[in-house]
Amino acid sequence: MPTSALRDRFEQALLDFAWNEWAQLGVLSKVTRRSTWAQDLEALLVLSFDIARADPRLFDEILDWLAHNQELLSVRRLRTIARTSPDPTLAEAVLTWLAQHRPKARFSGPDDHDREPTGESRRLFFDDGFPLRHPDPAFLEHGWLRPAATPSGKAATPDLKAPIAFGLRLRRMFGPGARAEAVRVLLCLDAPSATASVITRSATYTKGNVLEALRGLTDAQLVSAARANREARYAIDRERWATLLSAEPTFPAHVEWVQLVRALGAMLEWLRSDGASGHLLGSSARQLLRTVGSDLGWADVDVDEDVRAPGAMAELERVIDRCVDLLRG
């Protein structure tokens, strides 16, 4: 399959996925399939900022959702996850926009320590070829040109009893911090217990923050801890939590969203670039597979990282098909 055709197919599959996830969370759109997993808000945002460059309406609906549901957002996690995305300045531009339209102290000021000079401004949307007389100042501050955006007021509050919004429901209980993420992992992970390292991988806070959260949960007798092989393992009483949450004793499925989104973004960025062609295409695709192999492994997508260059494109197409199948549930 030509690279351009694979890019278009992959991009459309990611757009379909993003629209369906956001529709379940309160964006005004039709839900085509109910997800059975617990979504990771910040990971979904990072993927959506990138993919929605091909769909301005999706981008603006997400902005509207953020303006309506800003208290559910963890700015710290968003910045952490965005640092490994194809372009972290997209998240910073959105946060600046959100600060201007829904001013809150926790949104004030970009992460100046990690910002790079923006240089020449780029158009945010790929098919946005018309003149821009009034670019949005928040996005322009970070080097992105797009029409001025204002909240439409169409977004709704998520149904916190839906499986996809399970993590957001926990944030209503604990606030958007390490405790909510730790409980989400322990309840949804298909394992009787987990180490702090495993929880840290999904929580995307420092291990120190996660350990502090786990100590608090253990002291409150909401989580139990036991040492095994010199490392503490943490467990949670799912039946007790099901009673507390008035839910079924089975919880939404766990997906390593942070790692999966990082790999999806890298593959999409590679397909969008024109840097590899001809005899270099196979070698470049092989290097890409090696780059994303570890992240996709955490998401249960196997990658042949030792494939030879002539077969690398076929392997990349197989991996992308596997990722699309996963996103379709």
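A nonpolar core is a set of buried Ala, Val, Leu, Ile, Met, Phe, Trp, Tyr and Cys residues joined through side-chain atoms within 4.5 Å. I start my notebook with that term, and I remind myself that I am looking at a predicted model.

**Entry 1: the cores**

I looked up which residues touch the most other members of the largest nonpolar core. That core has 82 residues, and the answer is Trp22, Phe49, Phe59, Trp65, Met267 and Leu296.

I then picked tryptophan 65 and listed its contacts, leaving out residues up to four places away in sequence. Tryptophan 65 touches Trp22, Leu25, Gly26, Val27, Leu41, Leu72, Ala155, Ala156, Pro158 and Leu168.

**Entry 2: glutamate 21**

My next stop was glutamate 21, which sits in helix H1, residues 3–25. Is glutamate 21 buried or exposed? I found a relative accessible area of 0%, so glutamate 21 is buried, the limit for that word being under 20%.

What does the side chain of glutamate 21 make a polar contact with? The partner is the side chain of tryptophan 37, at 3.0 Å. I also wrote down what glutamate 21 touches beyond four places in sequence: Arg33, Ser35, Trp37, Gln39, Leu44 and Ile164.

Aspartate 295 belongs to helix H13, residues 280–298. Its relative accessible area is 12%, so aspartate 295 counts as buried. I found a polar contact of 2.7 Å between the side chains of aspartate 295 and arginine 262. Not counting residues up to four places away in sequence, aspartate 295 touches Gln259, Arg262 and Ala263.

From there I turned to helix H12, which covers residues 257–272. How many residues of H12 are buried? I noted 13 of its 16, and H12 is mostly covered. From first C-alpha to last, H12 reaches 22 Å, close to the 22 Å expected at 1.5 Å a residue.

**Entry 3: the sheet**

I found an open sheet of three strands in the order E3-E5-E4, with antiparallel pairing. Strand E3 (194–195) and E4 stand at the edges with a single partner strand each, so one side of each has no neighbour in the sheet.

Next I went through the bridges. Strand E4 (residues 224–228) and strand E5 (residues 231–235) run antiparallel and are joined by five bridges. At one of these, serine 224 has alanine 235 of E5 as its bridge partner. Alanine 228 stands opposite glutamate 231 in E5. E3 and E5 also run antiparallel, with two bridges joining them. Threonine 195 has arginine 233 in E5 as its bridge partner.

What do E4 and E5 form, and how many residues lie between them? They form a hairpin with two residues between them. Asparagine 229 in that turn has a positive phi of about 55 degrees.

Ala232 and Tyr234 make up the covered face, while Glu231, Arg233 and Ala235 are on the uncovered one.

**Entry 4: positive phi in loops**

Most residues other than glycine have a negative phi.

Glutamine 221 has a phi near 60 degrees, a positive value in a residue other than glycine. I located glutamine 221 in the loop between helix H10 (207–219) and E4. With a relative accessible area of 59%, glutamine 221 is exposed.

Aspartate 300 has a positive phi too, near 65 degrees. Where is aspartate 300 found? I placed aspartate 300 in the loop between H13 and helix H14 (309–327). Its relative accessibility is 60%, so aspartate 300 counts as exposed, the word being used for values over 50%.

**Entry 5: cysteines**

A disulfide is a covalent bond between the sulfur atoms of two cysteines. How many disulfides does the structure hold? I found zero. I looked up two cysteines anyway. Cysteine 188 is buried, at 6% relative accessible area. Cysteine 323 is buried as well, at 2% relative accessibility.

Technical notes:
Residues numbered from 1 in each chain as written. Predicted model: local features only at pLDDT ≥ 70, side-chain atom pairs only at ≥ 80, totals over all residues. Heavy atoms only, no water. Disulfide = S-S within 2.5 Å. Buried < 20%, exposed > 50% of the residue type's maximum accessible area, 1.4 Å probe, protein only. Helix = DSSP H or I, 4+ residues; strand = E, 2+ residues; numbered from the N terminus. Contact = heavy atoms within 4.5 Å. Polar contact = N/O pair within 3.5 Å; in protein donor to acceptor, adjacent residues only side chain to side chain. Expected span 1.5 Å × (residues − 1). Pairing = 2+ DSSP bridges.
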